[in-house]
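This briefing goes through selected local features, grouped by topic. Please keep the sequence and the model in view while reading.

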Amino acid sequence: MNGAAFVIIAIGTLAAALAAATLPNLMHAALSFAVAFVGIAAFFFLLGAEFVGLALVFIYVGAVAVLIVFTILLTHRDAGKDHGFNWGGAIVALAVFGGLTWAILKTQSLAMLAPHMATLTVKRIGTALMTTYVWPLQCVGLLLTAALIGALILVLEEKR
Amino acid sequence: MTPTLQVFLIVSAAMFSIGLLAALSRRHAIFILIGIEMMLAAANLNFIAFWRFGPQHQPPIGVMIALFSIAIAAAEAAVGLAMVIAVYRHYHTTNVDQLDQLRG
């Protein structure tokens with residue numbers, strides 16, 4: 001694992017995430033959101049979980065970011081106005097970050113290096129999905145179908 | 001310098017806090033959803049990091065949990081954005097401060 005690559009990815013991801021959280025222009029913030037998720041996927045690649053990183057890019061940058069941009073365009077008349085920013089949230093977020101960082105740095109057993117690992121092949125993931133995790137997989141399929149139908153019903157034209 | 005588990009957890013904590021900042025501070029419904037997605041991504045990063053640094057198993061448990069969590073997060077985003085569109089159609093606003101019809 002490369003330290004320089006880690007620092008570059010961390011700075012890029014956190015800067016994009018901060019831009020997505022604070023930029024007043026909605027479209028810019030949505031595009032920063034996509035960049036932040038490319039950064040998260042890069043972390044997954046760095047950690048040796050290439051399949052999950054690729055799935056994250058397909059799902060988030062390919063589908064969810066496009067869905068968010070579509071929603072911004074559909075709620076267009078409202079989108080130009082900045083709805084304001086609540087500084088109380090910033091204080092809470094800083095407090096949470098401080099508390100988590102203190103707890104992580106205090107726990108000495110977390111300061112370890114990555115052990116040697118056999119490459120995680122897609123074959124291994126597929127075998128696990130089709131044997132140990134076959135019931136969770138079916139449940140996720142059911143959930144996605146329910147979400148599809150639910151989203152369609154939610155946006156159906158209201159009867160007057 | 002090779003990164004330890006701690007630095008991954010700190011990056012993940014920072015990502016979570018930024019998501020919390022977006023969810024608490026923005027008044028636009030879509031950006032509250034974006035904040036929730038960022039918090040979920042931070043949790044996934046934690047799962048993958050603990051899987052990579054922990055003892056190795058077959059099946060790879062952390063990767064599996066991250067995969068299922070990504071699928072559930074995608075379903076949540078689709079339903080959430082559909083709700084934003086339905087609310088906008090009804091109230092003609094996406095400002096969550098103005099959606100106070102149920103307030104006593």
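This is a predicted model: local features need pLDDT of at least 70, side-chain atom pairs count only at pLDDT 80 or more; totals for chains, interfaces and linings use all residues.

A residue counts as buried when its relative accessible area is under 20%, as exposed when that area is over 50%, and as partly exposed in between. With 1% relative accessibility, I40(A) is therefore buried.

**Helix α2 of chain A**

- Helix α2 of chain A runs over residues 26–46, and its 21 residues should span 30 Å at 1.5 Å a residue.
- At the start of α2(A), the backbone nitrogen of M27(A) has a side-chain oxygen of N25(A) within 3.0 Å.
- After α2(A) comes G48(A), which has a positive phi, near 90°.
- I40(A) is a residue of helix α2 of chain A. Its C-alpha atom is separated by 8.9 Å from that of V57(A), 17 residues away along the chain.

**Contacts that involve both chains**

- Residues up to four places away in sequence aside, I40(A) touches T13(A) and L56(A) in chain A, and M15(B), A41(B) and L45(B) in chain B.
- S17(B) belongs to helix α1 of chain B, residues 5–25. Its relative accessibility is 6%, so S17(B) is buried.
- With neighbours within four places in sequence left aside, S17(B) contacts A93(A), V96(A) and F97(A).
- A polar atom of the S17(B) side chain also lies 2.8 Å from the backbone oxygen of A13(B).

- Side chains of opposite charge can pair when their charged atoms come close.
- How many salt bridges are there over all chains? The count is 1.
- D97(B) and R27(B) form a salt bridge through their side chains, with 3.3 Å from N to O. D97(B) is in the segment after α3 of chain B and R27(B) in the loop between α1 and α2 (29–53) of chain B, so the pair ties together parts 70 residues apart in sequence.
- Are the two partners buried or exposed? D97(B), at 46% relative accessibility, is partly exposed, whereas R27(B), at 15%, is buried.
- N95(B) is also in the segment after α3 (61–91) of chain B. Its relative accessibility of 8% is under the 20% limit, so N95(B) counts as buried.
- The N95(B) side chain reaches the backbone nitrogen of D97(B) at 3.0 Å.
- N95(B) and A29(B) are 66 residues apart in sequence, while their C-alpha atoms are 6.3 Å apart in space.

**A positive phi in chain B**

- Most residues other than glycine have a negative phi.
- H92(B) is not a glycine, yet its phi is positive, about 60°.
- H92(B) lies in the segment after α3 of chain B. At 53% relative accessibility, which is over the 50% limit, H92(B) is exposed.

**A nonpolar surface patch in chain A**

- L148(A), I149(A), L152(A), I153(A) and L156(A) make a nonpolar surface patch of about 530 Å².
- One of these residues, L152(A), is in helix α7 of chain A, residues 134–154. Its relative accessible area is 54%, so L152(A) is exposed.

Key: Residues are numbered from 1 along each chain as its sequence is written. Chains are lettered from A and ligands numbered from 1 in the order in which they are written. Side-chain values use heavy atoms; hydrogens and water are left out. Patches are made of residues with over 30% relative accessible area and no salt bridge: like charges are joined within 9 Å, nonpolar side chains (Val, Leu, Ile, Met, Phe, Trp, Tyr) within 5 Å. Accessible areas come from the Shrake-Rupley method with a 1.4 Å probe; for residues, only the protein chains shown count as cover. A salt bridge is a side-chain nitrogen of Lys or Arg within 4 Å of a carboxyl oxygen of Asp or Glu. Helices (H or I, at least four residues) and strands (E, at least two) are DSSP runs, numbered from the N terminus. Buried means under 20% relative accessible area, exposed over 50%, partly exposed in between (1.4 Å probe, protein chains only). The expected span of a helix is 1.5 Å times one less than its number of residues. A polar contact is a pair of N or O atoms within 3.5 Å; within protein, one must be able to donate a hydrogen and the other to accept it, and residues adjacent in sequence count only if both atoms are side-chain atoms. Contact means heavy atoms within 4.5 Å.
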